[in-house]
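Q: Could we go through this structure together? I would like to start with a ligand and then turn to the fold.

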Amino acid sequence: MVDVSQAAATLPIATDGGVRSCGGCTACCEGGLWDKSMKLSPGHACQHISPEGCGIYESRPEKPCRTFKCAWLTEEAEFPDAMRPDLSGAIPVHDRDWYDWKVLRLYPRVATVAPEVLEWFVAYAKPKQEPVIFYEHRWEGDDYKGMSEKALGPPKFAEDVQRKPSESDVFRSFSND
Ligand code: SF4
Ligand code: SF4
């Protein structure tokens with residue numbers, strides 16, 4: 001995996017729609033997310049990533065490169081600068097509900113979301129009664145062994161999880177913390 005976190009300045013990866021730009025972050029191109037067309041998967045960064053950012057910035061495809069925006073990029077008022085994905089190690093995404101629940105998904109930049117970062121996002125989501133779904137990748141050496149999906153959410157969410165089909169390993173209620 002290419003470590004580009006220390007790059008002084010990179011081209012913005014996402015199309016900037018708001019006040020923020022990606023700055024030096026290239027976390028969503030580094031293999032924390034999946035995309036068949038760009039051959040992105042855990043541990044496999046995009047072949048076009050470089051220490052300067054996207055190597056084909058002007059001609060990068062519409063999907064996912066120009067359309068994907070993490071929640072940190074689009075919700076400036078919600079997420080502080082320190083939570084930029086390359087700095088926090090977690091990519092927050094607000095683009096997919098879980099049944100009727102609006103959820104915040106956290107994808108680790110590498111393998112797992114650090115406990116203090118998860119704690120920050122849960123503290124952010126709890127007053128909104130918004131479940132946080134987070135992912136953990138497992139490797140044995142260089143062999144990718146799969147992903148766990150876990151969540152923390154309000155009691156009603158935990159009840160729903162018991163009743164609805166889910167591939168998730170663990171769903172816990174905020175109230176059990
Ligand atoms: S993870 Fe977010 S801030 Fe980082 S490059 Fe992707 S869209 Fe930009
Ligand atoms: S082509 Fe560029 S923007 Fe798209 S995934 Fe690769 S490095 Fe990221």
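Q: Which of the 10 residues around ligand 2 come nearest?
A: This is a predicted model. In it, the residues that come nearest to ligand 2 are Cys29, Cys46, His48, Cys54 and Cys65.

Q: And by class, what does the shell around ligand 2 have?
A: The shell is made up of 8 nonpolar residues, 1 polar residue and 1 charged residue.

Q: Let us turn to the whole chain. How many helices and strands are there?
A: There are 5 helices and 7 strands. Their order along the sequence is β-β-α-α-α-β-β-α-β-β-α-β.

Q: What percentage of the 177 residues is buried?
A: Buried residues account for 32% of the chain. As for contacts with a separation of 6 or more, 44% of them are between residues 24 or more positions apart.

Q: Which residues of the largest nonpolar core touch the most other members?
A: They are Ile91, Leu106, Tyr107, Val132 and Phe134, in a core of 31 residues. Two or more residues each come from helix H2 (71-74), E3, E4, helix H4 (115-125), strand E5 (132-140) and strand E6 (143-153). The element that gives the most is E5, with 4 residues. As a general point, nonpolar side chains in soluble globular proteins tend to be buried together.

Q: Staying with Tyr107, what is it in contact with?
A: Apart from neighbours within four places in sequence, Tyr107 is in contact with Gly32, Leu33, Ala90, Ile91, Val93 and Tyr135.

Q: Ala90 and Ile91 are in that list. Which residues of E3 are buried on each side?
A: Ala90 and Pro92 are buried on one side of E3, and Ile91 and Val93 are buried on the other, with both faces covered. In general, side chains in a regular strand alternate between the two faces of the sheet.

Q: How many bridges join E3 to E4?
A: The two strands are antiparallel and are joined by 4 bridges. In one of these pairings, Ala90 has Pro108 in E4 as its bridge partner.

Q: Now for H4. Which of its residues are buried?
A: Val117, Phe121 and Ala125 are buried in H4. Viewed down the helix axis, the buried residues lie within an arc of 70 degrees, and therefore they line one face of H4. The general rule is that an α-helix has 3.6 residues a turn, so residues three or four places apart point the same way.

Q: What covers the buried residues of H4, and what is exposed on the other side?
A: The cover includes helix H3 (85-88), E3, E4 and E5. On the other side of H4, Pro115, Glu116 and Ala123 are exposed.

Q: A change of topic: where is there a cis peptide bond?
A: The cis bond is the one joining Lys63 and Pro64, with omega at about 5 degrees. Pro64 belongs to helix H1 (residues 62-66).

Q: What about the backbone of Tyr99?
A: Tyr99 has a positive phi, about 50 degrees, although it is not a glycine. Tyr99 sits in the loop between strand E3 (90-93) and strand E4 (104-108).

Q: Is Tyr99 buried or exposed, and why?
A: Tyr99 counts as exposed because 12 other C-beta atoms lie within 10 Å, and the cut-off for exposed is 12 or fewer.

Q: And what is the phi of Lys39?
A: Phi of Lys39 is positive, near 55 degrees, and Lys39 is not a glycine. Lys39 lies in the segment before strand E1 (49-50). Lys39 counts as exposed, because it has 12 C-beta neighbours inside 10 Å.

Conventions. Residues numbered from 1 in each chain as written. Chains lettered and ligands numbered in written order. Predicted model: local features only at pLDDT ≥ 70, side-chain atom pairs only at ≥ 80, totals over all residues. Near = placed C-beta within 6 Å. Nonpolar A, V, L, I, M, F, W, Y, C, P; charged D, E, K, R; others polar. Buried ≥ 20, exposed ≤ 12 C-beta atoms within 10 Å, placed from the backbone. Core = buried A, V, L, I, M, F, W, Y, C linked by C-beta atoms within 7 Å. Contact = placed C-beta atoms within 7 Å. Arc of directions from axis to C-beta. Pairing = 2+ DSSP bridges.
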